[in-house]
Amino acid sequence: MEVEVDVIEFRVPVENNKTLFVWNILSTFSDAFIYESIWNIFCNFGPLYLVKVCPNAAGVEPGFYALVKYFSAAQASKAQRATHGRGFFQSSPLKVKLSTKQYPNFLHNSKPLSHSKCQDLANHYLGFNGWSTHIVTLKDISNCDNAGRLSTTTGDPQEITLKYGCIMDVTFPQHGLSCRGIGVAEETVEGTGPDVVLPKRGKLQRWARDKAVVDAFEKVLLLVLGNGKVVVECRVERDDVLQDEDLEGLIKVNDIPWSQFDPDGQEENEDIPWDLSVNM
């Protein structure tokens with residue numbers, strides 16, 4: 001007997017079979033109400049990457065349409081079948097179809113998820129205790145290459161380039177697996193006083209750590225079986241098998257405490273081009 005397997009990757013989904021096009025949304029509702037309603041309806045079928053609500057184009061009957069992006073093609077298909085032709089929050093039925101237009105080849109090389117979305121996806125399928133992270137090494141590498149050198153241009157404010165590198169392990173204890181990731185964060189700072197440099201060092205450490213976690217999750221595949229069981233697979237590269245003792249003396253942990261810095265970090269923009277072609 002064949003077993004259904006749904007493969008979940010920790011990357012921005014770009015496949016058209018993971019995108020739903022929802023239209024025939026009445027103009028009597030606000031954007032915010034539609035967004036919340038669409039999210040609440042479609043999240044029941046699986047974790048969502050994104051919901052986007054847009055007004056109809058000029059020359060078309062007033063109203064809205066929405067784009068719903070899943071991580072799973074199977075969940076997108078199930079949601080389409082269950083929601084097409086139902087009104088939910090309005091009197092007239094919604095129309096829901098899977099996207100059909102083919103993306104250019106370069107768009108199929110999707111980029112990794114943000115750190116927060118990696119956490120949300122892992123928590124959904126594995127639970128809060130189903131995975132953990134461990135800092136292997138974290139180092140100030142500002143003296144490498146041109147980083148860390150002061151600007152000597154006459155009349156310009158003194159600048160310094162700060163750079164941090166981090167190696168992290170993401171571990172899945174119930175599956176006996178671990179994936180290793182590498183992250184680097186760099187920024188040029190105007191001024192060299194401790195009140196300027198120290199906060200930047202703290203933020204760069206956090207960004208390097210987050211990037212390393214994202215890099216590790218990129219190597220993870222979640223295999224969701226038809227019975228709901230989740231199997232974790234790690235695509236391990238040869239460089240990832242470097243033992244911790246091999247790194248001793250090469251990279252050391254910086255001891256600036258995280259607690260003295262602003263915990264709010266920045267995430268990369270994950271906007272992707274949206275496809276409006278559907279089977280009508």
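Predicted model: local features only at pLDDT ≥ 70, side-chain atom pairs only at ≥ 80, totals over all residues.
The residues of α2 that are buried are Q75, A76, A79, Q80 and T83, and because they cover an arc of only 140° around the axis, they lie on the same side of the helix. An α-helix has 3.6 residues a turn, so residues three or four places apart point the same way.

A82 also belongs to α2, which spans residues 73-83, but A82 has a relative accessibility of 29% and therefore counts as partly exposed, since buried would require a value under 20%. The C-alpha atom of A82 is separated by 9.6 Å from that of F42, a residue 40 places away along the chain.

The two ends of α2 can be described in turn. At its start, a side-chain oxygen of S72 comes to within 3.3 Å of the backbone nitrogen of A74, while just after the helix G85 takes a positive phi of about 90°.

Turning to the nonpolar cores, the largest has 38 residues, and those with the most contacts inside it are F10, F172, F217, V220 and L222. Two or more residues are given to this core by each of α3 (115-126), β7 (159-172), β8 (177-190), α4 (194-217), β9 (220-225) and β10 (230-234), with α4 providing the largest share, 9 residues. Beyond its neighbours within four places in sequence, F217 is in contact with F10, C118, A122, W131, V170 and F172.

Conventions: Residues numbered from 1 in each chain as written. Heavy atoms only, no water. Helix = DSSP H or I, 4+ residues; strand = E, 2+ residues; numbered from the N terminus. Buried < 20%, exposed > 50% of the residue type's maximum accessible area, 1.4 Å probe, protein only. Core = buried A, V, L, I, M, F, W, Y, C linked by side-chain atoms within 4.5 Å. Contact = heavy atoms within 4.5 Å. Arc of directions from axis to C-beta. Polar contact = N/O pair within 3.5 Å; in protein donor to acceptor, adjacent residues only side chain to side chain.
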